[in-house]
Amino acid sequence: MKVYLSVFFLALFCAVGVVQASQALDKAKADYQYQLDTYRSAYDEFLLKRTQFENTSSFANQEEMVKAAKDMLTRRARVWKTYWQVLRVDTWETEGLNPAMRDELIGEIDEIQVLLNEHEINIPGINNREPLLAEAIAINLEDLRFENSSYKVLFELEMARFDWAMRQLKEFHNTLDAAIEVQVRSNSEKQLKKRGLEEVISIINRLGEVYDEIGEDLRRPNKTRKYIKIYKNMVDELSPYYSDMIRVNDLLVEISEGIEL
Amino acid sequence: MAQQYSEDQSHAFEDQEQFQAPPELLVEPTPEELEKKNKRKRILRLVGGGSTAFVVIIIILMYVASNMNTNTPAPEPTPTPLPAQGPSNLRKELDRLQGIVDAADPVLAPFSPPPVDMEVEF
């Protein structure tokens, strides 16, 4: 009885964990969207105050402009922070991602988060125009690094998802093959389904070869390592083969007709 | 004795006249009638024998047919409809696979970096 209760609670815990994981990603995305919206309002306000100062360079207008700039920079830092939080959660939840790669990506994200936290802490203490401008320039220069790192994460996550999908389809094919052996009695129907499965495994194997070639090509060391370019190349090269993956999925659904697992 | 015998015989012959067969039976059949009769007999023999053979053949054919493997497959049993208890494990598994395949679409709009370009001069 104790064993059954333990198994029950373990299963319940895992189910709750899965639901919470997808909720965590949704919440992270909602937070990011909120911060992005408030940043846009803050940026518009900053532009307005700057124009007023340019028109009438009074001390009051300068103070207004600096206050608006501080608000804008704070909200901008939060936009980046919530964005990286989305990628962090996605990295944890993406199935099939190599654990070593997951650790590498999480490590990079955490480093960036530390930098952004420092920036957000610094801003309230800066009340003069020139030091504030210096802080703004420094963080603006980091944007290139942030962009490159984000496309690296996106690239690795997409490759992992494609690979995982292929493996899941292959696993389902094997399970279906065994079920057909047991359940289908009519020889003609069995042969028909087996022929379908042969086509499925043939497509999956070809997909696997193409995927390995693309991955090797894209990960080849090069000087620039611009991940925005690598990500776009990946999309261009993988997307034609995605239709094969859909075909495999449709075939498996068709072959599954009349089978119970 | 001989005289007695002949007297006895005459008595016997007198009785005989009472038990005589009807005249038509006593008449010998003509060749045509004989032929017709024989023909009738032959037909009857033929039909009777043929009927027996026919029945025997039918019995043999029935026996052979019951033991023959025909190429026509037995009709498939009508599949029992699934009870209405919600999606089966197979359905759930296929839905899960569908979700995984959809998520693997490389053309899906990525979660791109935020559009936070700013004019840094102030």
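Student: Where in chain A is A:Ile230 placed?

Tutor: A helix is a DSSP run of H or I with at least four residues, a strand is a run of E with at least two, and both are numbered from the N terminus. A:Ile230 sits in helix H6 of chain A, which covers residues 227-255. This is a predicted model, in which local features need pLDDT of at least 70, side-chain atom pairs count only at pLDDT 80 or more, and totals for chains, interfaces and linings use all residues. Residues are numbered from 1 along each chain as its sequence is written, chains are lettered from A and ligands numbered from 1 in the order in which they are written, and side-chain values use heavy atoms, with hydrogens and water left out.

Student: Is A:Ile230 buried or exposed?

Tutor: Buried means under 20% relative accessible area, exposed means over 50%, and partly exposed is in between (1.4 Å probe, protein chains only). A:Ile230 counts as buried because its relative accessibility is 7%.

Student: Which residues does A:Ile230 touch, not counting those up to four places away in sequence?

Tutor: Contact means heavy atoms within 4.5 Å. With that sequence limit, A:Ile230 touches A:Phe155, A:Leu218 and A:Arg225. As for distance, A:Ile230 and A:Glu120 are 110 residues apart in sequence, and their C-alpha atoms are 31 Å apart in space.

Student: What can be said of A:Lys190?

Tutor: A:Lys190 belongs to helix H5 of chain A, residues 187-219. It counts as buried, since its relative accessibility is 19%. Apart from neighbours within four places in sequence, A:Lys190 is in contact with A:Ile180, A:Glu181 and A:Val184. A:Ile180 is 10 residues from A:Lys190 along the chain, with 6.8 Å between the two C-alpha atoms.

Student: Why does A:Thr175 count as partly exposed?

Tutor: A:Thr175 has a relative accessible area of 38%, so it is partly exposed. This residue lies in helix H4 of chain A, residues 129-183. A:Thr175 and A:Ile123 are 52 residues apart in sequence and 58 Å apart in space, C-alpha to C-alpha.

Student: How many helices and strands does chain A have?

Tutor: Chain A has 6 helices and 0 strands. Its radius of gyration, taken over C-alpha atoms, is compared with a globule rule of 2.2 Å times the number of residues to the power 0.38. For chain A the radius is 26 Å, well over the 18 Å that the rule gives for 261 residues, so the chain is more spread out than a compact globule. Along the principal axes, the C-alpha atoms of chain A fill a box of roughly 90 × 55 × 30 Å. Buried residues are 42% of the 261 residues in chain A. Among contacts of chain A with a separation of 6 or more, 80% join residues 24 or more positions apart.

Student: What are the elements of chain B, from the N terminus on?

Tutor: They run α-α-α-α, which is 4 helices and 0 strands. Of the 122 residues of chain B, 11% count as buried.
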